[in-house]
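Keep the viewer open as you read.

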Amino acid sequence: MKKIAILGSTGSIGTNTLEIVGRMADEFAVVGLAAGSNISLLHEQVRKFSPKIVSLRTQAEAARLRADLGRLPIRVVHGPEGAEEVARFEENDIVVAAITGIEGLRPTVAAVETGVRVALANKETMVVAGAILKSRAASSGAEIIPVDSEHSGIFQCLAKERQEDVRKAILTASGGPFFRTPLAEIKDKTVEEALAHPRWKMGRKVTIDSATLMNKGLELIEARWLFGLKPSQLDILIHPQSIVHSLVEMRDGSTLAQLSVTDMRIPIQYALTYPERRNSGLSSLELSRVRSLEFFEVEEERYPLIAFARRALETGKSLPVTLNAANEVAVEAFLRRRIGFADISAVVGEVMERHRVSEAGTLEAVFVIDRETRAQTDNLLKQRY
Ligand SMILES: NC(=O)c1ccc[n+]([C@@H]2O[C@H](COP(=O)([O-])OP(=O)(O)OC[C@H]3O[C@@H](n4cnc5c(N)ncnc54)[C@H](OP(=O)(O)O)[C@@H]3O)[C@@H](O)[C@H]2O)c1
């Protein structure tokens with residue numbers, strides 16, 4: 001029996017993970033859950049899965065849950081330290097890291113330091129601290145298994161391959177809801193239109209990142225660290241059907257690809273059961289029904305954030321931290337209807353232009369750069385919007 005902790009249990013990845021674990025109750029038991037503020041859903045999850053430790057964002061939320069749970073013997077903790085405690089819980093065999101954004105960094109690092117398997121969904125963590133995570137995993141023996149469908153695809157393609165045989169890896173992107181929108185109309189797109197993703201049902205932040213293609217930019221940087229590839233070996237193709245999740249071209253000219261129906265439960269389950277596979281109960285991929293698989297180059301005019309993400313990938317150091325922080329603040333401002341859709345890339349671009357690149361080799365340095373960038377982005381928003 002494998003014991004699992006889920007960081008971000010009330011989110012899209014978290015609830016999908018619990019569905020899998022519920023279906024495979026003879027193989028997995030839930031021992032820890034960390035959520036933000038969704039007390040009622042966490043309460044339901046506690047009743048169903050009986051974890052030993054749970055965490056919420058604030059002390060008040062934790063106190064409410066504690067009262068709701070009555071005498072159930074469950075440790076209820078809170079705040080960033082609470083999420084870290086869940087991540088470090090001594091019974092964990094697998095930690096699913098699925099808190100959105102930089103908030104997931106400390107708990108993810110904590111899980112990696114304990115030497116368990118970390119099923120990594122939180123891509124922002126690899127973007128801002130890829131080198132740190134890799135070196136802590138090397139010291140502790142932790143296995144980092146990707147949950148992102150594109151990285152799971154590359155991971156599966158590379159399972160029996162030697163790194164030196166890889167020519168390049170190509171991540172696919174659906175193109176989001178505005179792939180075919182006339183360029184002049186994109187700037188007026190509303191929050192609702194940007195959240196209407198054509199293929200995937202995900203959390204709000206990652207859905208907006210998919211509409212701007214920043215999601216793919218972050219994934220390029222994540223792939224660099226996960227697979228030890230050079231920036232020049234990483235590419236993106238728009239693939240509106242979202243059936244081929246990734247392709248890996250080998251030096252002999254063969255291209256390997258991973259295909260599946262568009263459902264996050266496949267890569268999540270694989271990260272839990274790897275190297276084995278189990279029946280997911282999902283329908284087969286019927287290519288005769290899909291009929292055509294299309295691939296397009298990325299139009300930078302349509303997705304200006306991709307050029308910034310490429311620059312951050314190539315420059316490294318503090319620039320990925322700045323890219324991520326400015327984007328998180330700008331996306332939040334868009335979701336609160338403070339700025340328009342096209343302003344997201346304008347704001348991120350301007351913050352990156354002003355940034356002076358420095359080293360970001362420690363967690364402390366990452367947090368300082370993250371805080372400074374958020375303050376600068378907030379100031380820019382106040383001045384302009
Ligand atoms: N969804 C996908 O299909 C998908 C695919 C690939 C990668 N990812 C990545 O996976 C991560 C999660 O995505 P998602 O779509 O599942 O996001 P989501 O639906 O927004 O869920 C985020 C989760 O994080 C929790 N959370 C937020 N702030 C927290 C904090 N300070 N402390 C503890 N928990 C906190 C939320 O709790 P409350 O809701 O209780 O506040 C929720 O459980 C992201 O990094 C995303 O890029 C997602």
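Which residues in the largest nonpolar core touch the most other members? They are Leu105, Leu323, Ile344 and Val348, in a core of 125 residues. A nonpolar core here is a set of buried Ala, Val, Leu, Ile, Met, Phe, Trp, Tyr and Cys residues joined through side-chain atoms within 4.5 Å. Buried means under 20% relative accessible area, exposed over 50%, and partly exposed in between (1.4 Å probe, protein chains only).

Before going on, some ground rules: this is a predicted model, where local features need pLDDT of at least 70 and side-chain atom pairs count only at pLDDT 80 or more, while totals for chains, interfaces and linings use all residues. Residues are numbered from 1 along each chain as its sequence is written, and side-chain values use heavy atoms, with hydrogens and water left out.

Helix α15 (residues 319-335) supplies its largest share, 10 residues. Helices (H or I, at least four residues) and strands (E, at least two) are DSSP runs, numbered from the N terminus. Leu323 is in contact (heavy atoms within 4.5 Å) with Met214, Leu218, Ile221, Phe308, Ala309, Ala312, Val348 and Met352, if you skip its neighbours within four places in sequence. In soluble globular proteins, nonpolar side chains tend to be buried together.

Now for the aromatics. Rings of Phe, Tyr and Trp (its six-membered ring) pair if their centres lie within 6.5 Å; planes under 30 degrees apart count as stacked, over 60 as edge-to-face and the rest as tilted. That rule gives six aromatic pairs. In one of them, the ring centres of Phe155 and Tyr270 are 6.4 Å apart and the planes meet at 70 degrees, so this pair is edge-to-face. Phe155 sits in helix α7 (residues 149-157) and Tyr270 in helix α12 (residues 265-273), so the pair ties together parts that are 115 residues apart in sequence. Phe155 is buried because its relative accessible area is 18%, and Tyr270 counts as buried at 8%. Together with Tyr274, Phe155 and Tyr270 form one aromatic cluster.

Last stop, the ligand. It is surrounded by 24 residues, the closest being Thr10, Arg57, Glu124, Asp148 and Gly203; to be near, a residue needs a heavy atom within 4 Å. From Arg57, a side-chain N or O atom is 2.8 Å from a ligand nitrogen atom.

Conventions:
Polar contact = N/O pair within 3.5 Å; in protein donor to acceptor, adjacent residues only side chain to side chain.
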